Amino acid sequence: MKQERFSFIISGMNTTCDIAIVGAGAAGLAAAISAAQAARKAEAQLRVVMLEASDRVGRSILKTGNGRCNFSNADIAEGPAVANYRNAGFVWAAFEALNRAFPEPDFNDPVLAFFEDAGLEWRQEDDGRRYPLSNKASTVLDVLRAEAARLGVEEVCDTRVAAIEAPVDPDKPFTLRLADGQFWRAAAVIVACGGAAVEHIELANMRPEAVQPILGPLAVASADQAFTRELDNIRVRCCVSLFRDEAGELIHKHTESGELLFRPYGVSGICVFNLSRLAQAGDYVQINFLQMGDLDHSHDYLKSRFAGLTEHLGQAPTYEQFMRGLVVPRLTDAVLKRAGCNAQDTADVEKLFQILCLCSLEVAGMGPTDVCQVQRGGYAPNQFDAATMQSRVQPGLYVAGEALDVDGPCGGYNLHWAWASGLLAGHAAQAYVNALSSSQTLSHVGTE
Ligand SMILES: Cc1cc2nc3c(=O)[nH]c(=O)nc-3n(C[C@H](O)[C@H](O)[C@H](O)COP(=O)(O)OP(=O)(O)OC[C@H]3O[C@@H](n4cnc5c(N)ncnc54)[C@H](O)[C@@H]3O)c2cc1C
């Protein structure tokens, strides 16, 4: 599209572009770069503009992975791990489309190839988690910004989009109304505003699902808070399982292992964050402080430790003797108090099993939501084509990243989704604008 076809000048800035990207976080940056790369490949002129509410692009990326940015996960490209995503069928179809759109002879992962091409050096940690080699989230943002600048993508910050109006005719542009009353025009729009903002943008006759914070800490019932308060700030490595009472029967839903952090309101830590994707009020979180997923093994271990200590001490150990060297004293005190056991009484293996392996806390709901990593909800994926992220009802309108109702566990899954869906949307939007420009002349829609 040639810019002179419709052109608005506001405060000295031409506010007409080919592709407007709403939000310059992970998905927005990937989309902008992908569109500009595709245009360069097609030797087409394309004005790509990122409209960002914050004072700088990519701020959300800097917070990720405790400032280290766990930007992807190797398991995703292996296949089965895709089932961990919400709306996994849609995500699977999108990843397949990404492999087709960006065939990579050396990788089976176009997201990784995208970052390597941009110059990011990375390394892999436990569970396939990928981080920049520098261990700094800012390095990820630096390579993205440099690549976007190299390709001529424009950053327009402190610009909050309030509404996106669909064109009245197919040959007319979208209108993006800003919170300050000004507007932009664009032939195609990619909405990449993240989950938290999705309900605050009016979008061309489309309604998002209500969003709710997840992937965060869990609050426990007030009766269990005396226990978690007593252990505030204690970290334990454990296995933690989620159970749901279904018609009087406790049904196992999921188990995670890792570090759990006690807080006055309940429990936190990555393993709890992952459980929070499935948990609902009334569920039970069951902690096995022995870090064993298998309860039979846990029981056998307790019996064998009890026998070993009995032989060593010349008599059966007390609870205190049994726990010493196994867990930290504050945990010993708290679990014994909760179970009504005296530390100096002779330990009982069955009681120890209850205390250490079946520590059950009732879930009251999510804990503080400001530390949740993802908002669940947003635009239902079935309204979009998984191969392009284009709306099924509004040509030229694309949604990527967390604005769609897709979320995954901790470990790089959510950023991987943001990059992947952004790459697809940018690539497809470029093709859309290209086709539009060769088939018809976009016309000026008149003055406001
Ligand atoms: C503390 C924290 C740590 C995390 N760590 C990880 C991790 O290590 N690995 C991982 O995979 N995931 C992690 N996540 C999740 C991950 O950050 C998100 O899933 C991902 O950033 C979503 O990308 P997005 O581009 O869709 O949205 P965002 O990255 O949130 O970007 C949206 C952008 O849109 C802008 N915007 C919003 N509204 C408007 C508007 N009206 N007009 C214009 N611009 C607007 C915002 O300012 C923002 O820049 C973490 C999340 C949090 C909160």
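1. The second largest pocket has a volume of about 390 Å³. (A pocket here is an open set of points on a 1 Å grid over the protein atoms alone, where a 1.4 Å probe fits, with protein on both sides within 12 Å along at least five of seven lines; the volume is the space filled by probe spheres set on the points.) This is a predicted model: local features need pLDDT of at least 70 and side-chain atom pairs pLDDT 80 or more, while totals for chains, interfaces and linings use all residues. Numbering starts from 1 along each chain as its sequence is written, and side-chain values use heavy atoms, with hydrogens and water left out.

2. What lines that pocket? There are 18 lining residues (an atom within 4 Å of a point), with Gln 37, Ala 38, Lys 41, Phe 102 and His 427 nearest the centre. Helices α1, α5 (110–118) and α6 each supply at least two of the lining residues. (Helices are DSSP runs of H or I, at least four residues, and strands are E runs of at least two, numbered from the N terminus.)

3. Now the helix pair: the axes of α1 (residues 26–41) and α6 (residues 137–150) come within 9 Å and cross at roughly 35°. (Axes are lines fitted to C-alpha atoms over the stretch in contact, with angles from 0 to 180 degrees between N-to-C directions.) On the α1 side, the contact (heavy atoms within 4.5 Å) uses Leu 29, Ile 33, Gln 37 and Arg 40. From α6 come Leu 141, Leu 144, Glu 147, Ala 148 and Arg 150.

4. Last, the open sheet: three strands in the order β5-β7-β6, with antiparallel pairing (pairing takes at least two DSSP bridges). β5 (72–73) and β6 (122–124) are at the edges with a single partner strand each, so one side of each has no neighbour in the sheet.
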